[in-house]
Amino acid sequence: MKFQKSFFLFLFFIVNLGFQFQAQADQRDPTRRERRGPWNNELHSIELYVLNSYQTGKVEESSILRLNPDSSIDFEIRGLNRFGREIEKFDFEPEILADPLKVRSLYLETLSEENHQYRLYMNADIGSQFLVRIFDREHYEMNRSFSIHAEYELRSVKMYLETEGYHRFLNDGEILNLEPNGSLVFEVRGFDRSGRQLDKFEFNPQVEIVGGRESYLTFKKLRENGHHYELSVDGEVHEKFEVRVYDSRRRELASHFFVQSQYILSDIRMYLEDDGYHRYLESGEHLVMEPGNALLFEVRGFDRDGRQLDKFEFNPEVRIEGNRSSVRLERVQEHTGRHYRLVADSSERDRFEVVVYDGRRRDIERKFYVTIQSARQGVNEIKIFLGGSAPISDGHIELLEEGTTLNFTVRAFDRRGRELEKHQFNPDVELRNYSGDPKDAYLEVLAGREHSFRLHFLRATPHLGKLEVVVRERDSRVSASSFFVDVNEPVVDDPNIIILSYNNDRLATDIRFSGTVEGFKPSDGWVETTHPRASPERFQVRVQGEKFITEPIALKPDGVTTIKIVLQNRRGDEISSEGYAKHRIPGYQGFKSTQLRRR
């Protein structure tokens, strides 16, 4: 009993001595008492540590991490309390913030959620060096930035020709012989700076033709995986030409060779385009055309066996009996294939011979006859001029302020493009989308040598749309010409989009905005959204005066949805503002500034 009493007295002495030491330590360091509080495990900041074998250690703001395309970096996020000590458990959902063009090629994979270990992938070559920020939407102030230096391993390429089941090295500058319509298959292999062959590399081939026509060459990839390609020559090739294969982003990664084939065009046939359909133009056929008119025809090529060629080389020339300079052959650019136009400016009433032949092979030719017959002169086209030397295009929109006038002149032309005198045509001018009230708008006929008019634009009628001015020839069936008049609404230099309210659905999977506009009169609008893991989308905006409301905007999971509200006035000026929202998190951020783009 006496022993137990002595033991308890000794234990009391030790505990009391410990409290005295603690009190003395608290007096020396007042923060010791705070560090023992319950807030010791609250997340206050984060640190990043790289786990890769070739790159380890703490990631600082000035750190530059090297990353090859189609590779990754493993890292760990460590949480610190307010005293800079690590804590074991904390909530942090990392996201990537970088340049919008680069963040699409970056994404995170969770390795261990409990240990906060992640893997950062880069699946494309996206530039030399750029800044990346790791952050959590709930703890945005807790973030870490570092730079990524994208290293391109590929330093050289070599081409291997696949011939009869085996590969052989294709020497740079080698000459290859191809039969007409032949092809060759080759593989591009990549090597690093040490000459070691790479299993995976990025190569975006482009083909450049030197001394030949690219339209005769077809280049395509054969397999989804790997770098196997087919190069085929369609039709004949008259001379040897050079083929250069290079990377679209690094022209120094290139190889070149030469291709030569033979000329196989043996015959040509001509097909006349008449009233929307093709018909065969017989050799020696007789055609009738008017002065200033044209004949549209297509030249088709055939080999010695009578087979039609998909592609061939043909350099047409025209020989006219009597050397008439008023007849010429033109290539039709808006058509595909071998389309040409024969134009006759002569007004002679005679018959002459036309021979179309290849400029290099006179034995390949077609012959037919043309008779010129003059037609009665009349209105073929009406054009409207607004004071300038060039006519306005049909459907032109002219912006006017209310209470102003606009002068315009109507001119008519015949089939040869010659302008007619005032007495040779009689234009009729009509106002459409018009209230009919002269207090809104009316026309005034001006005296002079031309058909000139003055439009008095006094007041707009928005519910009828743009005022249309239609001009037609009364005594002919020539198509009318027209232009539109709309209100010129001035735009201030600092318009503003203001969000008044928003509304999420029950699960916060979509969001809707309503707001107003200052210094801008919108007539239309839309919403553009982007997301790191989804395709861009577009949503409608309903505009009523200076107020607007969006339709529900879908929020995609696994990332932040960027929302851009765009409003447009009747002149085509646009204002826009950007904000952000996240799937299943109510509310939004952004829409702090407004950008103006004038038409």
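Biologist: How many bridges join strand S44 to strand S45, and do they run parallel or antiparallel?

Modeller: Keep in mind this is a predicted model. Three bridges join S44 (residues 574–582) to S45 (residues 585–590), and the two strands run antiparallel.

Biologist: OK, new topic. Is Phe186 buried or exposed?

Modeller: Buried, with a relative accessible area of 0%. Phe186 lies in strand S14, residues 183–191.

Biologist: What is Phe186 in contact with, leaving aside its neighbours within four places in sequence?

Modeller: The contacts include Met159, Tyr160, Leu161 and Glu162, then Phe219, and also His227, His228, Tyr229 and Leu231.

Biologist: Now the largest nonpolar core. Which residues touch the most other members?

Modeller: Of its 26 residues, those are Leu48, Phe75, Ile77, Leu120, Val132, Ile134 and Phe146. Strands giving two or more residues to this core include S1 (45–50), S4 (71–80), S8 (117–122), S9 (129–135) and S10 (144–150).

Biologist: What does Phe146 touch, not counting residues up to four places away in sequence?

Modeller: Among them are Leu48, Leu120, Val132 and Ile134. Phe146 also touches Val59, Glu60, Glu61, Ser63 and Leu65, plus Phe130 and Leu131.

Definitions and conventions. Residues numbered from 1 in each chain as written. Predicted model: local features only at pLDDT ≥ 70, side-chain atom pairs only at ≥ 80, totals over all residues. Heavy atoms only, no water. Core = buried A, V, L, I, M, F, W, Y, C linked by side-chain atoms within 4.5 Å. Buried < 20%, exposed > 50% of the residue type's maximum accessible area, 1.4 Å probe, protein only. Helix = DSSP H or I, 4+ residues; strand = E, 2+ residues; numbered from the N terminus. Contact = heavy atoms within 4.5 Å. Pairing = 2+ DSSP bridges.
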